[in-house]
Amino acid sequence: MKSSDKHQAFRLAHIFAIDRLRMGTDGHGITTLVCFMGCPLRCAYCLNDRCHEEIYSYGNNGLSLKKEIIQLDVNELYDRVKVDDLYFQATGGGICFGGGEPTRYASFIEEFRRICGNVWKITLETSLYCPEDTIRQLAPIVDHWIVDIKDINHVIYERYTGQPSCIRDHSLSVLLQTCRVKDITMKVPLIPGYNTDKDVDYSLDELERMGFTNFECVRYLQRESKYHPQTKGLQHERKG
């Protein structure tokens, strides 16, 4: 691939939702949530499991984007969200990138920051399941990190997400090395059927021991994701 083609690829993103005028959920002030397609985890209660769907479909006119998925470059996204510039500036808000897993679009976010400037705050809501280099790339760009930790226990984590915890664990240490701890919020969930209040307390204690100071405790809603490995296995058995 030519360097110009690579640069263009970094400027494109597949997005399944743009949610305006949010307050109190995505960091400071009024924000717009931008949800990217794709995620390496397969969580049992995934809130946005459509991020795992195929992006393209075949129809009478050949290959096309599936319904409700849009492909935007950074300029097109900026043009869509700048309508709320006054709200962002007046409240100290900005854009929250989520998904899906937004770290997969690190170069897109980096380019977006170059275009929008430093007035807007950029928040990332992430599982932090990404390479070390990605965190180092985003560290100077992101104002606020919201990290959905799932559970610090590696057995619970793997059972719930379908992935080992080693990448997440390493990413946590890198995040502490590269970002100010006051700019990081650790979201620690109670996951019905997967962990207990005691497990949540253990996660909080371990994260505090690591050096994190800002925590948000939440309770997940039970909703079966068709992309979770156990669910897929059950579906296969039912078909058989």
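1. Asp19, Arg22 and Asp26 are joined by salt bridges into a network. The model is a predicted one, and across the structure there are 13 salt bridges. The points below take up some of the individual pairs, then a patch of charge and a methionine.

2. Arg113 and Asp143 form a salt bridge through their side chains, with an N to O distance of 2.6 Å. This pair connects distant parts of the chain, 30 residues apart: Arg113 belongs to helix α4 (residues 106-116), while Asp143 lies in the loop between α5 (132-138) and β8 (144-148). The two partners fall into separate burial classes. Arg113 has a relative accessibility of 9% and therefore counts as buried, the limit for that class being under 20%. Asp143, with a relative accessible area of 28%, is partly exposed.

3. Asp79 and Lys82 are also paired in a salt bridge, and their closest N and O atoms are 3.5 Å apart. Asp79 has a relative accessible area of 46%, so this residue is classed as partly exposed. Lys82 is likewise partly exposed, at 40%.

4. Is the pair of Asp148 and Lys150 buried or exposed? Both Asp148 and Lys150 are buried. They form a salt bridge in which the closest N and O atoms lie 3.2 Å apart.

5. A negative surface patch consists of Asp197, Asp201, Asp205 and Glu208. Asp197 has a relative accessible area of 52% and is exposed. Asp197 is part of helix α8, which covers residues 197-210.

6. Met37 sits in the loop between β2 (30-36) and β3 (56-59).

7. Between the C-alpha atoms of Met37 and Gln177 the separation in space is 28 Å, and the two residues are 140 apart in sequence.

8. In the pair from point 2, Arg113 is buried, whereas Asp143 is partly exposed. In the pair from point 3, Asp79 is partly exposed, and Lys82 is partly exposed as well.

Terms used. Residues are numbered from 1 along each chain as its sequence is written. This is a predicted model: local features need pLDDT of at least 70, side-chain atom pairs count only at pLDDT 80 or more; totals for chains, interfaces and linings use all residues. Side-chain values use heavy atoms; hydrogens and water are left out. Patches are made of residues with over 30% relative accessible area and no salt bridge: like charges are joined within 9 Å, nonpolar side chains (Val, Leu, Ile, Met, Phe, Trp, Tyr) within 5 Å. Accessible areas come from the Shrake-Rupley method with a 1.4 Å probe; for residues, only the protein chains shown count as cover. A salt bridge is a side-chain nitrogen of Lys or Arg within 4 Å of a carboxyl oxygen of Asp or Glu. Lys and Arg count as positive and Asp and Glu as negative; His and the chain ends are not counted. The place of a charge is taken as NZ of Lys, CZ of Arg, CG of Asp or CD of Glu. Helices (H or I, at least four residues) and strands (E, at least two) are DSSP runs, numbered from the N terminus. Buried means under 20% relative accessible area, exposed over 50%, partly exposed in between (1.4 Å probe, protein chains only).
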